[in-house]
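Here is a short report on one protein model. Keep the sequence and the 3D view open as you read.

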Amino acid sequence: MSQIEAVKLPAAVVDAIIAHAREGKPEEVCGVVRGRGLTAFEAVRGRNIASERIENYEVDPQTLLLQFAFEDAGDEMMAIYHSHPVSVAYPSATDAWNAHYPDCIYLICSLEFDDAPVIRAFRMTPHWIELDLPMLRRALPFREVRPGLHAYFQEHAHTAPDALKAILDLTPTPFYIDFFTDADGAIVDSRLVSIAEHPVEEVRG
């Protein structure tokens, strides 16, 4: 298996993300990162326009549109960042549902311990495969993580249930299976999102 390449974060980017996260606590904050490939140049603060910002985020459209200005300058929106004010720096089911930019790195800044912030980097990739959701819903312990959003997480090291054997041939673990239901409990949308962590190399000096 090839080694996953590190995401390079200059000290100024790390410090900017942590400062933003601390200022926004107890709500989640978010923003974008200008860079090239896996090397970051600059963290740009965005506004969290999610209706419920304690455990969710949505980057405002004006900030996301900066990706075109970055591209005009020869760079790119290489990452999207957000904070977890009281939980670990690992993607939640909601984060997987909101991961609409598979070419971007997702940086998560955890302030679970105020004096020891942690930033981790992930690639979240949706897989457009056919899911037998009624069967999966019966076979797997989905939980409702927010109103209408139900999720199951398959860890990497754990033995998968028989109901997932066909999916495992197509999708690497770990992954989330998320689905959204309407007021009547009917499934109206779903996605399967795999999670791959990149090491973070902090560049100082």
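## Basis of the model

This is a predicted model: local features need pLDDT of at least 70, side-chain atom pairs count only at pLDDT 80 or more, and totals for chains, interfaces and linings use all residues. Residues are numbered from 1 along each chain as its sequence is written, and side-chain values use heavy atoms, with hydrogens and water left out.

## Salt bridges

How many salt bridges are there? The count comes to 12. A salt bridge here is a side-chain nitrogen of Lys or Arg within 4 Å of a carboxyl oxygen of Asp or Glu.

Start with Asp 75 and Arg 36. Their side chains meet in a salt bridge at 2.5 Å, N to O. Asp 75 lies in the loop between α3 (66-72) and β4 (76-84), and Arg 36 in strand β2 (residues 30-36), so the pair ties together parts that are 39 residues apart in sequence. Helices (H or I, at least four residues) and strands (E, at least two) are DSSP runs, numbered from the N terminus. Asp 75 is buried, at 9% relative accessible area. Arg 36 is partly exposed, at 45%. Buried means under 20%, exposed over 50%, and partly exposed in between (1.4 Å probe, protein chains only).

Now take Asp 162 and Lys 165. Their salt bridge spans 3.6 Å, N to O. Asp 162 is exposed at 62% relative accessibility, and Lys 165 is partly exposed at 47%.

Arg 191 and Asp 189 also form a salt bridge, at 3.9 Å, N to O. Arg 191 is buried at 13%, while Asp 189 is partly exposed at 35%. Elsewhere, salt bridges that share partners join Arg 34, Arg 36, Glu 42 and Asp 75 into one network.

## A negative surface patch

Which residues form the negative surface patch? They are Glu 71, Asp 72, Glu 76 and Asp 103. Patch residues have over 30% relative accessible area and no salt bridge, and like charges are joined within 9 Å. Asp and Glu count as negative. Asp 72 lies in helix α3 and is exposed, at 72%.

## Cis peptide bonds

Most peptide bonds are trans. Look at two cis cases. A cis bond joins Lys 25 and Pro 26, with omega about 20 degrees. Pro 26 sits in the loop between α1 (11-24) and β2.

The bond from Thr 173 to Pro 174 is also cis, with omega near 0 degrees. Pro 174 is in the loop between α6 (165-168) and β9 (175-181).

## Aromatic pairs

The whole structure holds 6 aromatic pairs. Rings of Phe, Tyr and Trp (its six-membered ring) pair if their centres lie within 6.5 Å; planes under 30 degrees apart count as stacked, over 60 as edge-to-face and the rest as tilted. Tyr 90 and Phe 122 are edge-to-face, 5.2 Å centre to centre, with 80 degrees between the planes. This pair links distant parts of the chain, 32 residues apart: Tyr 90 is in the loop between β4 and α4 (93-97), Phe 122 in strand β6 (residues 118-127). Tyr 90 is partly exposed at 22%. Phe 122 is buried at 0%.

Phe 153 and Tyr 176 form a tilted pair, 4.6 Å centre to centre, with 40 degrees between the planes. Phe 153 is in strand β8 (residues 149-154) and Tyr 176 in strand β9, 23 residues apart. Phe 153 is partly exposed at 27%, whereas Tyr 176 is buried at 9%. Tyr 90, Phe 122, Phe 153 and Tyr 176 form one aromatic cluster.

How values were computed:
Patch = residues over 30% accessible without salt bridge, like charges linked within 9 Å, V, L, I, M, F, W, Y side chains within 5 Å. Areas by Shrake-Rupley, 256 points an atom, 1.4 Å probe, with all protein chains shown as cover. Charge placed at Lys NZ, Arg CZ, Asp CG, Glu CD.
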